Amino acid sequence: MTVKGAPLREINMQTKMGWALGIGVSTRGSGHLNGSIRLENLSNLDQRQLKMVGLEGQPDPNNLRDVAQVVAWFEDFKAVVDSCGICYFSTWWADGVLGPTELCKHYEVVTGEHKSERELLRIGARIQNLEKAFNTIHGKFERSHDSPPNRLFSSAISGGEHQGAVMNRKTWEVLLDEYYKVRQYDITTGLQTSRC
C-alpha cells in the first residue's frame, strides 16, 4: 500500500476524489499536504477568491474538472506557502485566513519586492514543475505512478459511514486526464510538455 514507494497512511481516498487525487499525484508520494483538498473547505471563499483558484463558483465535488483544477492550484499554493515558511494550517487549505493576497503582503514586507497573486502562484507552479521533473529524471515516474494502490479499486471499505465504497478505475483515469490537462502534461504518459 504505497504511492511512489511511500507508505500510504491516508483515509477517505475512496470517498473524496480531491483528497485521493492530491495523494496520487503528490511529488513526494503518498502525501496529502501538497494538493489534496477537502472541497468543502472552500465554501467560505468569496467570488473573487474562487476566481483566483480558477473556479466560476463553488467547486462541485462531482465535476472532475473542478476537482483537478483545485488540486493543481493547491499544489502551486502549497509550494509558495512552504517557500515563505508559513504554517499550512493557517491558510485556505485548512479553512484558515491566509490566501494569495495575504502571502503577497507578507512577501513584500520581507523582501521589499511587490509580486502579484498571479506572479507568486506562477513561482509555486515552477517549484511544482521542478519537483515533477526531478521525479521524472531520477525516479522514472510517469502516469502509472500517479495512482492510488490497486487495492483501493478492488477492496471496499468494510465498515462505518462509507461501508462498501470502492474507487472506480474509469472515473480515476478521467480525473487524472483532467488534472494533466490543467497542468498541460501529456495525457498518455503523464510527463511534462514544453507548454507547462
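# Figure legends: views of a predicted model

The secondary structure of the chain in this predicted model comes to 7 helices and 2 strands.

**View 1. The whole chain, from its elements to its dimensions.** The C-alpha trace spans about 55 × 40 × 30 Å along its principal axes. A compact globule of 196 residues would have a radius of gyration near 16 Å, and the 17 Å of this chain therefore agrees with that expectation. Of contacts between residues at least 6 apart in sequence, 51% join residues that are at least 24 apart.

**View 2. The surface and charges of the chain.** Of the 196 residues, 47% count as buried. The chain exposes about 10000 Å², and 51% of this area is supplied by carbon and sulfur atoms. Its side chains include 23 positive and 23 negative ones, with the centres of the two sets lying 4 Å apart.

**View 3. Helix α1 and its packing partners.** Helix α1, which covers residues 17–25, is mostly covered, with 9 of its 9 residues buried. These buried residues are M17, G18, W19, A20, L21, G22, I23, G24 and V25. They pack against β1 (2–3), α3 (64–84) and α7 (169–183).

**View 4. The largest nonpolar core.** In soluble globular proteins, nonpolar side chains tend to be buried together. The largest nonpolar core of this chain has 47 residues. At least two core residues come from each of α1, α2 (47–53), α3, α4 (100–111), α5 (117–139), α6 (151–154) and α7. Helix α3 gives the most to this core, with 11 residues. The residues with the most contacts inside the core are L21, V70, F74, F77, W172, L175 and Y179.

**View 5. L21 and its surroundings.** L21 is one of the buried residues of α1, and it is also among the residues with the most contacts inside the largest nonpolar core. Apart from neighbours within four places in sequence, L21 is in contact with V67, A68, V71, W172, L175, L176 and Y179. Of these partners, W172, L175 and Y179 are likewise listed among the core residues with the most contacts.

**View 6. Q69 in helix α3.** Q69 lies in helix α3. Its relative accessible area is 19%, and Q69 is therefore buried, since the cut-off for a buried residue is under 20%. Leaving out residues up to four places away in sequence, Q69 touches V53, G54, L55 and V182.

**View 7. K4 in the loop between β1 and β2.** K4 is placed in the loop that joins β1 to β2 (6–7). With a relative accessible area of 18%, K4 is buried. Residues up to four places away in sequence set aside, K4 touches G24, V25, S26, T27, G29, F141, H145 and D146. Of these, G24 and V25 are among the buried residues of α1. The backbone of K4 has a positive phi of about 55°, although K4 is not a glycine. I37 is 33 residues from K4 along the chain, and the C-alpha atoms of the two are separated by 20 Å.

**View 8. K140 in the loop between α5 and α6.** K140 is found in the loop between α5 and α6. Its phi is near 55°, a positive value in a residue other than glycine. At 60% relative accessibility, K140 counts as exposed, because the cut-off for an exposed residue is over 50%. K4, which also has a positive phi of about 55°, is by contrast buried.

**View 9. V97 in the loop between α3 and α4.** V97 lies in the loop between α3 and α4. With a relative accessible area of 68%, V97 is exposed. Beyond its neighbours within four places in sequence, V97 is in contact with S90, T91, W92 and E102. The C-alpha atoms of V97 and N62 are separated by 26 Å, and the two residues are 35 apart along the chain.

Note on methods:
Residues numbered from 1 in each chain as written. Predicted model: local features only at pLDDT ≥ 70, side-chain atom pairs only at ≥ 80, totals over all residues. Heavy atoms only, no water. Buried < 20%, exposed > 50% of the residue type's maximum accessible area, 1.4 Å probe, protein only. Helix = DSSP H or I, 4+ residues; strand = E, 2+ residues; numbered from the N terminus. Contact = heavy atoms within 4.5 Å. Core = buried A, V, L, I, M, F, W, Y, C linked by side-chain atoms within 4.5 Å. Rg over C-alpha atoms; globule rule 2.2 N^0.38 Å. Areas by Shrake-Rupley, 256 points an atom, 1.4 Å probe, with all protein chains shown as cover. Lys, Arg positive; Asp, Glu negative; His and termini not counted. Charge placed at Lys NZ, Arg CZ, Asp CG, Glu CD.
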